[in-house]
Amino acid sequence: MKKISYKYLCFALILSLSIVACNDFEDENYDFSNTASPYVELNASSYSGEPEEELSIGFRLRVAVQKEVNVGYEITGDISQSGSVTIEPGEVLAPLVLTLPGAPDTIGTANVAITSVDDGFTIGRAAGGDNVEASISWEPE
């Protein structure tokens, strides 16, 4: 008879603990109602190199997604170029390889900016325009 009462006591204890564990948990430190949508940004705020050198400008996602993300860009200044790069599925970074113009003694500057992105992604973080534009500079060594 004692064995049966211990079994019921243990069962009641486990049942009461599981009911308490299933109650709604609310804590203001874990508020997920203000989440940011996925965004694309440049991986640096400035790029520099030498004339006639290849320079890699990186466009990145903060988290890898399982679809292609096309990012439009525009370069203005001593370089004038626009186009798009594709961040492949599962990747977080897509480089744009740019050859810096000029003779070996040339100094120049340009700016690169993200102009568009598809599928509901935003340009830069929701809180501000951080890393959506960057400067490019080149000068001889």
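Is F11 buried or exposed? At 54% relative accessibility, F11 counts as exposed. The terms rest on relative accessible area: buried means under 20%, exposed means over 50%, and partly exposed lies in between, with a 1.4 Å probe and protein chains only.

Good morning, colleagues. What we have before us is a predicted model, in which local features need pLDDT of at least 70 and side-chain atom pairs count only at pLDDT 80 or more, while totals for chains, interfaces and linings use all residues. Residues are numbered from 1 along each chain as its sequence is written, and side-chain values use heavy atoms, with hydrogens and water left out.

Let me begin with the overall layout. The protein has one helix and nine strands. Helices (H or I, at least four residues) and strands (E, at least two) are DSSP runs, numbered from the N terminus. Read from that end, the order of the elements is α-β-β-β-β-β-β-β-β-β. Of the 141 residues in the protein, buried residues make up 26%.

I return now to F11, which is found in helix α1, residues 2-21. Together with L15 and I19, F11 forms a nonpolar patch on the surface, and the three have about 310 Å² of accessible area together. Such areas come from the Shrake-Rupley method with a 1.4 Å probe, and for residues only the protein chains shown count as cover. A patch is made of residues with over 30% relative accessible area and no salt bridge; like charges are joined within 9 Å, and nonpolar side chains (Val, Leu, Ile, Met, Phe, Trp, Tyr) within 5 Å.

There is also a charged patch to consider. E50, E53, E54 and E141 gather on the surface in a patch of negative charge. Here Lys and Arg count as positive and Asp and Glu as negative, while His and the chain ends are not counted. The place of a charge is taken as NZ of Lys, CZ of Arg, CG of Asp or CD of Glu. Within this group, E50 lies in the loop between β2 (46-49) and β3. E50 counts as partly exposed, at 30% relative accessibility.

I turn next to the salt bridges. Side chains of opposite charge can pair when their charged atoms come close. By the criterion used here, a salt bridge is a side-chain nitrogen of Lys or Arg within 4 Å of a carboxyl oxygen of Asp or Glu. How many salt bridges does the structure hold? The structure holds four.

Let us take E41 as our point of reference. E41 is buried, with a relative accessible area of 0%. The side chains of E41 and R60 meet in a salt bridge at 2.9 Å, N to O. This pair links distant parts of the chain, with E41 in strand β1 (residues 39-42) and R60 in strand β3, 19 residues apart. R60 is partly exposed, with a relative accessible area of 23%.

R62 meets E41 in a salt bridge as well, at 3.2 Å, N to O. R62 lies in the loop between β3 and β4 and E41 in strand β1, so this pair ties together parts that are 21 residues apart in sequence. At 44% relative accessibility, R62 is partly exposed.

R125 also forms a salt bridge with E41, with 3.9 Å between the closest N and O atoms. Why does this pair tie together parts that are 84 residues apart in sequence? The reason is that R125 lies in the loop between β8 (122-123) and β9 (133-138), whereas E41 lies in strand β1. R125 is partly exposed, its relative accessible area being 36%. Taken together, E41, R60, R62 and R125 are linked in a network of salt bridges.

The aromatic rings come next. A search of the whole structure finds one aromatic pair. F59 and Y73 form this pair, which is tilted, at 5.9 Å centre to centre and 40° between the planes. Because F59 lies in strand β3 (residues 54-61) and Y73 in strand β4 (residues 69-77), the pair ties together parts that are 14 residues apart in sequence. Rings of Phe, Tyr and Trp (its six-membered ring) pair if their centres lie within 6.5 Å; planes under 30 degrees apart count as stacked, over 60 as edge-to-face and the rest as tilted. Both F59 and Y73 are buried.

Y39 is found in strand β1 and is buried, with a relative accessible area of 13%. The C-alpha atoms of Y39 and L61 are separated by 6.2 Å, and the two residues are 22 residues apart along the chain.
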